[in-house]
Every structure is written in structure tokens, then in C-alpha cells.
Amino acid sequence: MIPDLWYKNAIIYSLSLDAFQDTDGDGVGDFRGAMRRLDYLQGLGVTAVWLAPFQPSPRRDHGYDIADYYGVDPRYGSPGDFVEFVNACHQRGLRVIMDLVVNHCSDQHPWFQAAIDDPTSKFRDYFIWADKKPADADKGVVFPGVQKSTWTYSRKAGAWYFHRFFKFQPDLNIANPDVQAEILKIVSFWLQLGVSGFRMDAVPFLIAQDGINIADPAPAYGLLREIRAMAQWRKGDAVLLAEANIPPDEALEYFGADGDRLHMLFNFPVNQALFYALASADGELLKDVLRASAPLPETAQWANFLRNHDELDLGRLSEEQRQTVFEQFGPEPDMQLYGRGIRRRLAPMLGGDRRRLELAYSIMLTLPGSPVLRYGDEVGMGDDLALPERDAARTPMQWSGGPQAGFTTGDAPVRPLIDHGPYAYREINVARQRADGASLLNWTERAVRLRKELPEIGRGSWKVLDTPGHILALRYDWEGETSVIVHNLLGEASEFTLALDRGEGDQRDLVCLQTDERVAAEADDHYVLILQPYAYRWFRLGGLDELVRPHGSQH
């Protein structure tokens with residue numbers, strides 16, 4: 001049976017419930033609110049909704065400190081509200097992906113409370129302990145400057161427990177078969193309630209077999225294979241999307257040589273190289289990283305993004321490259337985080353320059369893989385640097401210019417709305433942009449619609465074409481269709497030549513899908529193109545409406 005590869009051309013929309021839409025006036029978004037906005041998401045053209053953690057939690061880390069894996073935080077509604085939301089998504093052809101956070105849990109979770117109360121409890125082995133503080137306890141911290149150690153002493157337990165993240169997030173002992181069985185149970189539970197997949201949090205840590213050896217973790221990839229096999233047994237088209245900031249040459253281990261582990265990986269190396277390309281107008285690093293990302297199993301797919309719920313991580317760039325991005329997009333110390341990232345939204349990073357915003361989104365939408373949009377970026381929302389750490393880019397959705405931006409009827413939103421400057425909600429909001437045919441919102445809708453008409457981007461073979469350093473050109477081929485996407489990273493016009501091997505007897509023109517402009521080939525199969533500053537063009541050989549001859553036809 002051929003697997004359902006729906007995720008190959010999915011348009012994924014990432015939202016945090018607490019900041020999306022509130023219906024009961026408590027200032028916290030909820031499932032009922034998100035359900036009221038599903039027609040908006042359907043109109044935008046997205047095909048899947050990715051939900052940040054919504055299970056019960058003390059919320060010391062935005063819900064990534066889970067206290068009950070089988071519940072719904074009352075702030076967001078009831079389990080019934082969740083099921084109603086999922087059903088409403090399905091009625092609109094939208095799938096639901098949820099976060100799976102099982103590398104660690106909250107220190108308030110009953111498992112951990114039982115573990116510290118009773119050393120003979122079976123839950124003691126759900127976590128990782130040491131009688132003495134390990135000598136390398138200050139190594140491998142995820143949040144330098146905020147987190148000082150990966151081991152914390154519990155007086156109640158009389159022992160040290162291990163945590164890669166904050167001290168209130170003890171790591172689960174993944175080597176314990178009971179913990180592995182619990183993970184499979186959690187996955188099965190939510191699949192039964194209608195989700196179509198999971199964004200798996202912190203996967204490189206999750207597969208560290210002994211749970212402790214940070215410097216050189218022994219991968220336990222078998223667990224990924226088991227999760228996938230069980231998920232697809234429960235739901236044939238279930239998808240696992242991993243957060244794994246790893247080099248491209250390690251990706252095949254996560255996908256599996258036979259494509260039997262993870263379905264999708266966020267392409268962090270491409271994301272970082274893309275921001276370097278935008279900052280430097282030099283696309284050579286991006287081209288190199290793309291080429292390194294090419295060899296994938298048939299069922300594997302990259303997920304591409306610009307911004308997400310975390311800081312923009314630049315840790316895989318060289319020091320010089322990282323400083324170039326900092327200078328362009330985060331020059332002030334309060335814009336930076338952990339010495340390796342930028343805690344800003346995309347629009348202010350690009351100075352609100354519409355040309356550069358369109359360029360960035362055009363690149364992201366047409367990279368090999370499936371695009372992931374972050375809530376609010378489709379209207380160019382800004383950030384609030386007065387908020388701590390990553391909260392700066394997590395302000396409530398700006399629906400209108402009315403009270404509290406239409407987000408809540410209450411007077412105390414979960415985080416302050418942006419109410420001053422060029423990104424204030426009275427200036428930047430959905431209602432205002434919906435009424436403006438030339439707005440970023442309407443441009444995004446058109447771009448998403450066009451992307452969905454080019455399935456070869458998600459399904460086909462592809463290659464980076466030879467061009468000058470400031471020009472990024474990608475070719476896609478699938479089932480007789482060929483698309484060529486070109487971008488000019490430079491702030492000035494550029495003329496260049498593309499060489500395309502069109503195949504014997506193929507005389508089709510390159511047709512621009514935005515302008516219907518036709519570019520005929522020169523005698524030697526070269527196309528001469530001119531791009532204006534920060535411009536982009538999506539071409540197809542013959543255009544969208546020309547029928548492709550069946551393979552082997554001579555007529």
C-alpha cells in the first residue's frame with residue numbers, strides 16, 4: 001500500500017492557544033476561541049494546525065513543563081472542547097498536530113512527586129539520579145546564563161536528579177522500558193482523540209540512550225522506530241515532525257535509511273543559512289546547506305520556517321557569520337538571547353521593508369520541503385522587547401484595531417498587546433489588512449494558494465542551479481512538470497543567465513506565475529533573466545495551464 005504523504009505539501013500554521021483568541025474574558029486564549037478562527041485559517045490556505053502544549057502545567061516554561069500528559073489545562077477549556085476543536089478542523093479539511101514533550105516533565109507531575117516521596121516507588125526509575133553531584137554538572141546547559149547546572153539536589157529524595165533544561169523539568173529516564181511504554185500510550189491516546197501527528201520536542205536529547213552522556217549520547221533510534229510503527233498502526237497517516245537542531249549529515253539517522261523513523265525534521269541549518277543570506281546578500285552558504293540536505297528517503301520531508309516560538313538560533317553559524325546576522329537583525333543586546341540567538345519577530349528584524357518580507361516568505365515557501373508559518377507573521381506583527389526572553393515574540397494575535405485588538409473582552413491579556421509604535425495593533429491587524437487588497441495578509445494568501453498549485457516543490461526531485469552568489473535559483477521536477485524559482489538577495493537589480501536542460505524537443509517557455517511574463521530560451525538552452533532589487537519569480541515551464549505531454553509522446 002502506498003503511504004499517504006499528505007505532509008509533503010502541507011502548509012502548517014503554528015499557534016499558541018494562550019495568545020490566539022480568548023472567548024471567556026480571562027485574557028487567556030482557549031480552544032473555543034481558536035475554533036472561531038478556523039475559517040480564517042482555512043481562508044489563509046493552511047492545511048494543518050500545530051498546537052503548542054495545552055496539557056495541565058504550572059506553566060513555568062510556556063507549558064513545556066507538563067504535569068498531566070492525558071489532560072487539557074482548564075485555562076484552555078475541557079477535553080470536550082479539544083475534541084470539538086479537532087472535529088471542527090477536520091470539517092474544514094485541516095489536520096491537527098500537537099506537541100509531544102516527553103524528554104522531561106514538570107517537577108509537579110505525580111510521577112516525580114512519587115519518585116521523591118518514596119525511593120522504592122517504581123516511579124523512582126522514571127527519572128535519572130545520582131548520590132553525589134557529578135563533576136560535569138555545569139556542562140551541556142541548554143540556556144546558558146539562565147541555567148547553571150544540569151543536576152539539582154532534592155532534599156526530599158536525598159539525591160541529585162538530572163535535567164537538561166530548567167531545574168523544574170526533570171528528565172525522564174528514556175532507557176526505562178516502562179517510560180518507553182508510557183510514551184507509546186500517550187501517543188496512542190491523542191491519536192485516538194483525532195490528532196494527525198506530533199511535533200516531537202527536543203528529539204536529540206530524547207534518544208540519548210543512557211540519558212546522561214551529553215557530550216556523546218548513544219542514539220537509541222529504535223525508540224523512534226517504535227513510536228512511528230505504533231502511531232501508524234493506530235492511524236495510517238500519522239506524522240512525526242521532529243525538533244532536532246542537527247547537521248544535515250546526521251538527518252538520515254533520524255529519518256532512517258529506509259524511512260522507518262521520523263517523517264519530518266525542521267531544517268534548522270537551512271533556517272540559519274537563510275538568515276545569513278538575507279543579512280549578507282550572499283546565498284552561497286544557503287546553497288551549500290541545501291545541497292547537503294538533498295539525499296532523503298522517499299517518505300522523508302523537511303519542514304521549513306522563518307520564525308517560531310523560540311529565539312532565532314544562530315548557533316551553527318561561524319562567529320563571523322553570526323555577528324553579521326546580529327548586526328543586521330539584532331544589533332542591540334536586549335534583542336539577543338543566550339549569546340546565540342535573536343528574540344525578535346520577522347517584520348521588525350527586516351525593518352518592516354515589504355520587499356524583503358516578501359522575499360523572505362517567497363524563499364521559505366519554495367524551499368525543498370513543507371512550509372511552517374508562525375501566527376501573526378502573515379500580517380507582519382512586531383515584538384515587545386520589554387517582555388522577558390522569548391516572550392518578546394509571543395504577544396497576542398492582533399485581530400482588529402478595537403479594544404484589546406479583538407483578542408479578548410477582558411482587560412488583562414495573557415501578555416501585553418503591542419499598543420505603540422509602527423507595529424501597534426491599531427496599525428497592524430487582520431481586519432485592516434483583509435480590507436486592503438495590497439496588504440501583506442492578502443499577498444500571503446495568494447502566495448500560499450500558488451504554492452499549493454506547485455506540488456513538485458514538496459514531492460519532486462530538485463537541485464540548486466548555478467547562479468551568481470546573490471541569486472538563489474531552484475529547479476523542481478515531478479511527473480513531467482518543471483518549476484524554476486529565482487530570488488535576488490541584493491538590494492539592486494541583477495541580470496543573470498540560467499542554464500536548463502529541458503529535454504530533447506522541449507521548446508516550452510519559462511512562464512512567470514505571478515505576472516504571466518514569458519521568457520523564451522536562447523539558442524543554447526539558456527534563459528536570460530532580470531530581477532529587480534529583492535525580487536523573486538516563480539516560473540513553470542509552459543505555465544500552469546499547459547498540458548504536459550505524456551512521457552514518451554512524440555506529438
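Modeller: In this predicted model, Cys512 has a relative accessible area of 1%. Buried means under 20%, so Cys512 counts as buried. Cys105 is likewise buried, because its relative accessibility is 0%. As for bonds between cysteines, the structure contains zero disulfides.

Eight of them make up a closed barrel, in the order 1-2-3-7-8-9-10-14, and their pairing is parallel. On average, neighbouring strands of this sheet are turned by 25 degrees against each other, with direction ignored.

Strand 9, which covers residues 264-266, runs parallel to strand 10, which covers residues 301-305, and three bridges join them. Within this pair, Leu265 stands opposite Trp302 of strand 10. Strand 10 also has a helix lying across it: helix 13, formed by residues 354-366, lies across both strand 10 and strand 14. Strand 14 comprises residues 370-374, and helix 13 runs at about 140 degrees to it.

Strand 5 (residues 151-154) and strand 6 (residues 159-162) run antiparallel and are joined by four bridges. Across this pair, Thr152 stands opposite Tyr161, a residue of strand 6. Strand 5 and strand 6 form a hairpin, with four residues between them. In the turn of this hairpin, Gly158 has a positive phi of about 70 degrees.

Methods: Residues are numbered from 1 along each chain as its sequence is written. This is a predicted model: local features need pLDDT of at least 70, side-chain atom pairs count only at pLDDT 80 or more; totals for chains, interfaces and linings use all residues. Side-chain values use heavy atoms; hydrogens and water are left out. Two strands pair if DSSP finds at least two bridges between them. Helices (H or I, at least four residues) and strands (E, at least two) are DSSP runs, numbered from the N terminus. Axes are lines fitted to C-alpha atoms, for helices over the stretch in contact, and angles run from 0 to 180 degrees between N-to-C directions. Contact means heavy atoms within 4.5 Å. A disulfide is a pair of cysteine sulfur atoms within 2.5 Å. Buried means under 20% relative accessible area, exposed over 50%, partly exposed in between (1.4 Å probe, protein chains only).
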